[in-house]
Amino acid sequence: MSDSQHLPDPQQPHNHAHCVSHALSAAEQVCARDGARFTALRKRVLELVWQSHKPLGAYDILETLSRDDGRRAAPPTVYRALDFLQEQGLVHRIASLNAFIGCPSPEHRHQGHFLICLNCHIAIELAQSTISDAIAEAAAAHGFSVSSETVEVSGLCAQCQAAA
């Protein structure tokens with residue numbers, strides 16, 4: 001992702017159904033491009049992840065599948081679906097919360113960097129390639145080979161600060 005790409009602010013009023021439909025459409029395109037199977041369960045899990053801009057845990061997804069869909073999915077089934085979605089770049093894992101959030105730009109492979117509100121729990125993905133560049137530069141200066149990176153900044157979002 002380039003610094004010139006601006007991700008929509010999930011806290012601004014918007015038609016959230018558009019977020020979900022865009023995510024599903026992008027997922028179909030990414031899977032078709034890569035020759036990956038976008039099964040009904042994987043699609044439903046992605047749809048559930050995109051129900052809000054707040055990270056969702058695997059057991060929350062499992063509970064919704066059971067309650068709303070009547071599916072008797074086992075935890076490994078949900079984890080396999082989430083692993084697939086993550087491998088395809090369709091979701092990001094928020095390590096500090098052990099939860100997942102939809103990626104708004106899966107057509108561009110990138111590391112997710114997030115601002116996470118401690119109050120309302122919204123996660124805002126940053127579209128700043130300079131973060132990855134700075135990590136790579138610092139690692140190279142130390143002769144370190146980066147295999148993955150996780151940047152999660154906790155604090156209070158603008159709306160929660162204004163409400164305090």
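Predicted model: local features only at pLDDT ≥ 70, side-chain atom pairs only at ≥ 80, totals over all residues.
Tyr59 is exposed, with a relative accessible area of 52%. Residues are numbered from 1 along each chain as its sequence is written, and side-chain values use heavy atoms, with hydrogens and water left out.

How many aromatic pairs does the structure hold? It holds one. Tyr59 and Tyr79 form this pair, and the arrangement is edge-to-face. Their ring centres are 6.4 Å apart, and the planes make an angle of 75°. Rings of Phe, Tyr and Trp (its six-membered ring) pair if their centres lie within 6.5 Å; planes under 30 degrees apart count as stacked, over 60 as edge-to-face and the rest as tilted.

The pair links distant parts of the chain, 20 residues apart. Tyr59 belongs to helix H3 (residues 58–69), and Tyr79 to helix H4 (residues 75–87). Helices (H or I, at least four residues) and strands (E, at least two) are DSSP runs, numbered from the N terminus. Tyr79 is partly exposed, at a relative accessible area of 30%.

## Helix H2 against H3

Two packed helices are described by the angle between their axes and the distance between the axes. Take helix H2 (residues 40–49) and H3: their axes come within 11 Å and cross at roughly 110°. H2 and H3 are therefore roughly perpendicular to each other. The axes are lines fitted to C-alpha atoms, for helices over the stretch in contact, and angles run from 0 to 180 degrees between N-to-C directions. Angles under 35 degrees count as roughly parallel, over 145 as roughly antiparallel, 65 to 115 as roughly perpendicular and the rest as oblique.

Which residues of H2 and H3 make the contact? From H2 come Leu41, Arg44, Val45, Leu48 and Val49. From H3 come Ile61, Thr64, Leu65, Asp68 and Asp69. Contact means heavy atoms within 4.5 Å. By class, this contact of H2 with H3 has six nonpolar, one polar and three charged residues. Ala, Val, Leu, Ile, Met, Phe, Trp, Tyr, Cys and Pro count as nonpolar; Asp, Glu, Lys and Arg as charged; the others, Gly among them, as polar.

## Helix H2 against H4

The axes of H2 and H4 come within 9 Å and cross at roughly 80°. H2 and H4 are therefore roughly perpendicular to each other. On the H2 side, the contact is made by Leu41, Arg42, Val45, Leu46 and Val49. On the H4 side, Thr77, Ala81, Leu82, Phe84 and Leu85 take part. Eight residues of this contact of H2 with H4 are nonpolar, one is polar and one is charged.

The charged end of Arg42 sits over the ring of Phe84, 3.7 Å from its centre. The test is that NZ of Lys or CZ of Arg is within 6 Å of the ring centre and within 35 degrees of the ring normal.

## What covers H2

Buried residues in H2 are Leu41, Arg44, Val45, Leu46, Leu48 and Val49. Which elements are included in their cover? Among them are helix H1 (16–34), H3, H4, strand S1 (91–94) and strand S2 (99–102).

## Positive phi in two loops

Most residues other than glycine have a negative phi, and most peptide bonds are trans. Asn98 has a positive phi, near 50°. Asn98 lies in the loop between S1 and S2 and is partly exposed, at 41% relative accessibility.

His121 also has a positive phi, near 70°. The loop between S3 and strand S4 (123–125) holds His121. Its relative accessible area is 46%, so His121 is partly exposed.

Leaving aside neighbours within four places in sequence, Leu115 is in contact with Ile122, Ala123, Ile124, Leu126 and Val153.

Ile116 lies in strand S3. At 6% relative accessibility, Ile116 is buried. Residues up to four places away in sequence are not counted; the others that Ile116 touches include Ile94, Leu97, Ile122, Val153 and Gly155.

Ser105 lies in the loop between S2 and strand S3 (113–117). Ser105 is buried, with a relative accessible area of 1%. Ser105 and Leu65 are 40 residues apart in sequence and 25 Å apart in space, C-alpha to C-alpha.

Conventions
Buried < 20%, exposed > 50% of the residue type's maximum accessible area, 1.4 Å probe, protein only.
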